[in-house]
Amino acid sequence: MLTRNCLSLLLWVLFDGGLLTPLQPQLQQTLATEPRENVIHLPGHRSHLQRVKRGWVWNQFFVLEEYMGSEPQYVGKLHSDLDKGEGTVKYTLSGDGAGTVFTIDETTGDIHAIRSLDREEKPFYTLRAQAVDIETRKPLEPESEFIIKVQDINDNEPKFLDGPYVASVPEMSPVGAYVLQVKATDADDPTYGNSARVVYSILQGQPYFSIDPKTGIIRTALPNMDREVKEQYQVLIQAKDMGGQLGGLAGTTIVNITLTDVNDNPPRFPKSIFHLKVPESSHIGSAIGRIRAVDPDFGQNAEIEYNIVPGDGGNLFDIVTDEETQEGVIKLKKPLDFETKKAYTFKVEASNLHLDHRFHSAGPFKDTATVKISVLDVEEPPVFSKPLYTMEVYEDTPVGTIIGAVTAQDLDVGSSAVRYFIDWKSDGDSYFTIDGTEGTIATNELLDRESTAQYNFSIIARKVSNTLLASKVNILINVLDVNEFPPEIAVPYETSVCENAKPGQIIQIVSAADRDLSPAGQQFSFRLPPEAMIKPNFTVRDFRNNTAGIETRRNGYSRRQQELYFLPVVIEDSSYPVQSSTNTMTIRVCRCDSDGTILSCNVEAIFLPVGLSTGALIAILLCIVILLAIVVLYVALRRQKKKDTLMTSKEDIRDNVIHYDDEGGGEEDTQAFDIGALRNPKVIEDNKIRRDIKPDSLCLPRQRQPVEDNTDIRDFINQRLQENDVDPTAPPYDSLATYAYEGNGSVADSLSSIDSLATEVDQDYDYLTDWGPRFKVLADMFGEEESYNSDKVT
C-alpha cells in the first residue's frame, strides 16, 4: 500500500511539473494497460486497407481535489505523432465535465481543470479525446477514452451517523460486560493514505466504561455498579482519522447508558412494630389498616408479598398486597367484639416475589414486623339468640295462645333493656302479636292451614337507651293441620256394568282425596253404609292401599228393568278425629259383547231392534221432532184463525170480551185485567180515565188455600164501579170479568184428567197381549216394567 501511494505521488509531481507527457515512450509504456492497433483511412493514400501504428495511448490522469490556486490546475497534455508543430492538427475533448470542468488547448493539447473538484462528490471523470485535421476536419486518429481521477486529500472528519446512542446494561455486571458498539464513517478515500482510518476513544465516562479503539465496542470498566447509587451515565466518544495521529480530523457522539435493575435488595420494614386501632363494628372483609416494606429495587423486582405468621390473633385477619403502592392491606376475616377481646398481636412477613439466585448468598430476601391491633368499643344494637326462629301452631288455635318467644340482649358494657316490635311491613294482616317486654308471640286471629300454611315476618328489637340501635330477625311459623275435612272420592268416575256381568267382578277402582294435610302413612277405608248392605246389587271391596273396587253381586243386569244404580260408598280416614263421608256413585247398565266390551249405553237402544246404528237412531229422533213441530204449528194457526173469525163476526165489538174454546182456565185464562191490582188495596191511580191492563202470566202453585174475603178488595171494586158510573167519557160497560172457580188458577183445581196424578201402576196392560204379534214387544215391555218397579232395590 505504501509503495503504491509513493508511486502515485511521484507521478503526480512529474505531471504537475510538466516533465512528462502522455506521448513520451516511457510514460506510454508505464500507463498503457494494453497495446492496441487500429486501422485508419488516410486521404490521398491507397484505397486498400493498411495497417497503421497508433501514435498515442494512455490510461488516466490525476488531479488534486480542493485545489485553491489562482490559475487553472494543469492536468496533462495530449499529442499526436502526426502533429509536426505546423498547426495543422486540432485537439478536441468530450465526455464528463468537458468544457465545464476541464478545457483543452486545441493547438497544444494541454488539459486544465477550471474549477475546484471534490472527490467525495465525484471521484473520477471519463472523457474522450481526438485529433483532427484543422482544415479538412477529418480525424487523424481514432477517438480515445481516458479517465481523470480526483486525488483525495484529508478534508472530511469522521461522523457518527446513528448518534446519539442509547444503551443499557444490568447493574452489578462484571468488568468487560458488553454495552454497545458505535461506528463512525469517514467520507475520504479509504484506499489512499490514512485519511479514512478511524480510531475511537472515550473523552468522558471514565472510569466506568471503556471502548475498543478499532471496533468501537463499549464495555463496563468497573465491577458491581449499583443502580440504587447511580442509574444514568453519559459517555462522550471520539472518532479520529489519520490513525489518530496529530493533524487528523475528529468527530464525537454521546452515548446515554442506563443501569437496569436486578433484584439485589430485599424488602425492609421501616419500623419493627405497627399499631392499629379498629372499631369493633368493622365489617368482615373491610380494610382496617396498611403497612409497608421498602424495597429500593424497581419494577417487578420491587414486588412484595405479605403473609401473616401463624400466631395469636392471626386467624382473625388477612393481608393482601396493593399492586399499585406495594403496601400490605390488612383485612378483617371474622367479626370483632370488644367485650370478648380488646387487643390482638401478630407478625407479618414481607418477601420478594421474583428472586435472583445470584444474590442468595447476600442473605434472606424477606423481613418481619409486629402488628398490634387495639379494638375500640362501639355501642351496638341488641343481638338475637338465634339467626332465625321457627315455630309451629295448630290451625284453629284460640286467639291469644302463646306459640313461642324471641330473645335479644345488649352485649355492650353498659347493658340496656330491650323492647320488641313486629315489623308491620312483613306482617300487614296482624295475625300475631308480641309482648314488647317478654318477647312472647301469640295468635291474634284464627288460623286456617288450608288458607295459609306458613307465615313469615320479622321482629325488631330496640335498645331503650338508644332507640336508633335496632336489630331484626325473621320468624317462620308453620301452621299444623287438624283433621277437619272428610275424605272424598278423588275424581268423578263414569262407572258402567255389563248386562251379562257375573257376580264378583270388579267394575271400577276408586281412590280417595283429603283436603287436610295428610300425615305420612294416612290410610283410607271404604265400605257400604248399613242400609245399603241389605240385598245389595253391588258391594265395595277395600284393597287396604287407599283404593277400593266396586264389585258386582248379581248374575246379569237388565237395562229394561233398571238403567241406573246409585251406590253409596262410605270413606273414612285414619287421622284424629276420624272424619268420614258418604259418596254416591252412579252405575250405568250397558250392553256388552261376550268379551265384556261395551257396545251401547244409550237409553233409546232399549226400544230399538238389535243392530240399529246410532246414526239411524238420531235420524229417527230428528224426524219425530220435526213432525211434532209441524203439528204444534198447525194447531196454533188453526186456533188463531178461529179466534179472528169469531171476533170479526160480531157487530158490537167490545173489548175485554173473552171467548173460551176449551174447558177450564179460571182466572189465568184472561189477559184483560191485572188481577193483582184487585188484590193490592194500595193501588189507587190518580188518572180516572179507564185503561185496560194486560196482566203478566203468574206461576201459581197447583195447590193453594182459598182466598179469604177481603173488605179492602171489595171496597176497591166498588170505588172503581162508582168512578166509571159517573164518568161521562166512559163507555156504557165496565171491564170487570166474572170467572168460574175452575182451572189451574182456581181453588177447585182443574177438572181435566190430562194432568191427573194417577200413575201407570194403576193401569192394566194385559190387553196388549191380545193385539197380536206386532204388539208383543210393547206388551212385554209394559208387562215386565210393572214387575220391575215393585222389585227395585239399591
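The following legends describe close-up views of a predicted model.

View A. With a relative accessible area of 17%, Lys90 is buried, because burial is assigned under 20%. Leaving aside residues up to four places away in sequence, Lys90 touches Glu106, Gln130, Ala131, Val132, Ile134 and Arg137.

**View B. The tilted pair of Tyr431 and Tyr455.** In the whole structure, 16 aromatic pairs are found. In the pair formed by Tyr431 and Tyr455, the ring centres are 4.9 Å apart and the planes stand at 50°, so the arrangement is tilted. Tyr431 is located in the loop between β28 (418–422) and β29 (432–434), and Tyr455 in strand β31 (residues 454–463); the pair therefore ties together parts that are 24 residues apart in sequence. Both Tyr431 and Tyr455 are buried.

**View C. The edge-to-face pair of Phe432 and Tyr455.** The ring centres of Phe432 and Tyr455 lie 5.3 Å apart with planes at 80°, so this pair is edge-to-face. It links distant parts of the chain, joining Phe432 of strand β29 to Tyr455 of strand β31, 23 residues apart. Phe432 counts as buried at 0% relative accessibility, and Tyr455 counts as buried at 9%. Tyr431, Phe432, Tyr455 and Phe457 form one aromatic cluster.

**View D. Lysines over aromatic rings, at Tyr125 and Phe338.** Lys122 lies over the face of Tyr125, at 5.3 Å from the ring centre. The charged end of Lys342 is placed over the ring of Phe338, 4.8 Å from its centre.

Terms used: Residues are numbered from 1 along each chain as its sequence is written. This is a predicted model: local features need pLDDT of at least 70, side-chain atom pairs count only at pLDDT 80 or more; totals for chains, interfaces and linings use all residues. Side-chain values use heavy atoms; hydrogens and water are left out. Buried means under 20% relative accessible area, exposed over 50%, partly exposed in between (1.4 Å probe, protein chains only). Contact means heavy atoms within 4.5 Å. Rings of Phe, Tyr and Trp (its six-membered ring) pair if their centres lie within 6.5 Å; planes under 30 degrees apart count as stacked, over 60 as edge-to-face and the rest as tilted. Helices (H or I, at least four residues) and strands (E, at least two) are DSSP runs, numbered from the N terminus. A charge sits over a ring if NZ of Lys or CZ of Arg is within 6 Å of the ring centre and within 35 degrees of the ring normal.
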